[in-house]
Amino acid sequence: MKRKWIGAICICVIAFFTAFILNTNAFKDTSDEMPEFNYSSKEKNQVFGYFILDLYHTEITKAINDYYKKEINGYLTPKPPHYDMVSILATDRGTQFKGLGTKYSYLLKIKLLPSTGNGIVLGEDILYFAVEPNRQTMKNLPKDYPPIELIKYEHHKPPKKED
C-alpha cells in the first residue's frame with residue numbers, strides 16, 4: 001500500500017514540474033518588443049482588407065442578406081492575386097456620391113463572394129459604403145447620421161470555377 005502512495009505522489013510531483021517547466025518555456029517565447037511590420041504592399045492591402053471585413057462584418061452581412069432577401073451563411077474573399085478586395089477613398093477630395101455631401105469622410109468599396117452553407121458562390125458582389133469612423137463609438141446618433149451606410153450594391157455572376 002505504501003508503494004502505491006509513493007508512486008502516486010511521485011507521478012503528481014513529476015506532472016507538476018513538467019507543467020511548470022512547459023509554462024515557463026511558453027512565457028519565455030513571448031516578448032515585450034514590437035514585432036517587425038512587413039512592408040509588402042500586396043500583404044498590406046490584404047491585411048487591411050481583412051481588418052475592414054472584421055470591423056464592418058455585421059453591416060456587410062446585413063447588406064448581403066438584404067440583397068438576396070434571405071439569410072446567407074457567409075462570404076468568401078476573392079482569391080489572390082486579387083489583393084484589392086477592399087479599397088478606400090477619402091471624400092474630402094471633392095468626391096460626392098448621391099448627395100452625401102460632407103456627411104461621411106470615406107467611401108469603402110468591398111468585393112466579396114457571398115456563398116451558401118454548402119459552398120455555392122452566389123455571385124461576385126461589390127458593396128459600396130459611406131463611412132464616418134468618428135461616429136463608430138457614439139451613442140444615440142440621429143438616424144440621418146449613422147457611422148456606416150450602404151450606398152450601392154452591385155451583383156455580378158459568380159466567377160467561373162478553375163479546373
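**Legends to close-up views of the predicted model**

Among contacts in the protein between residues at least 6 apart in sequence, 58% join residues at least 24 apart. The model shown in these views is predicted.

**Figure 1. Overall arrangement of the protein, with 3 helices and 5 strands.** Along the sequence, the elements follow the pattern α-α-α-β-β-β-β-β. The protein has 163 residues, of which 25% count as buried. Its accessible surface comes to about 12,700 Å², and 58% of that surface belongs to carbon and sulfur atoms.

**Figure 2. The largest nonpolar core, a set of 19 residues.** Within this core, I60, I64, L108, I110 and F129 touch the most other members. At least two residues each are supplied by helices α2 (41–55) and α3 (57–68) and by strands β3 (106–115), β4 (124–131) and β5 (148–156). Helix α3 gives the most to the core, with 4 residues.

**Figure 3. Surroundings of F129, one of the core residues that touch the most other members.**

**Figure 4. The cluster of Y67, Y68 and Y153, linked by ring pairs.** The structure holds 2 aromatic pairs. Y67 and Y68 form an edge-to-face pair, with 4.9 Å centre to centre and 85° between the planes. The rings of Y67 and Y153 have their centres 4.3 Å apart and their planes at 5°; this angle is under 30 degrees, so the pair is stacked.

**Figure 5. Accessibility of the tyrosines Y67, Y68 and Y153 in the ring cluster.** Y67 has 35% relative accessibility and therefore counts as partly exposed. Y68, at 17% relative accessibility, counts as buried. Y153 likewise counts as buried, at 16% relative accessibility. Buried here means under 20% relative accessible area, a limit that places Y68 and Y153 in the buried class.

**Figure 6. A charge placed over an aromatic ring, formed by K152 and Y128.** The charged end of K152 sits over the ring of Y128, at 5.6 Å from the ring centre.

Note on methods
Residues numbered from 1 in each chain as written. Predicted model: local features only at pLDDT ≥ 70, side-chain atom pairs only at ≥ 80, totals over all residues. Heavy atoms only, no water. Core = buried A, V, L, I, M, F, W, Y, C linked by side-chain atoms within 4.5 Å. Buried < 20%, exposed > 50% of the residue type's maximum accessible area, 1.4 Å probe, protein only. Phe/Tyr/Trp six-rings, centres within 6.5 Å; stacked < 30°, edge-to-face > 60°. Lys NZ or Arg CZ within 6 Å of the ring centre and 35° of its normal. Contact = heavy atoms within 4.5 Å. Areas by Shrake-Rupley, 256 points an atom, 1.4 Å probe, with all protein chains shown as cover.
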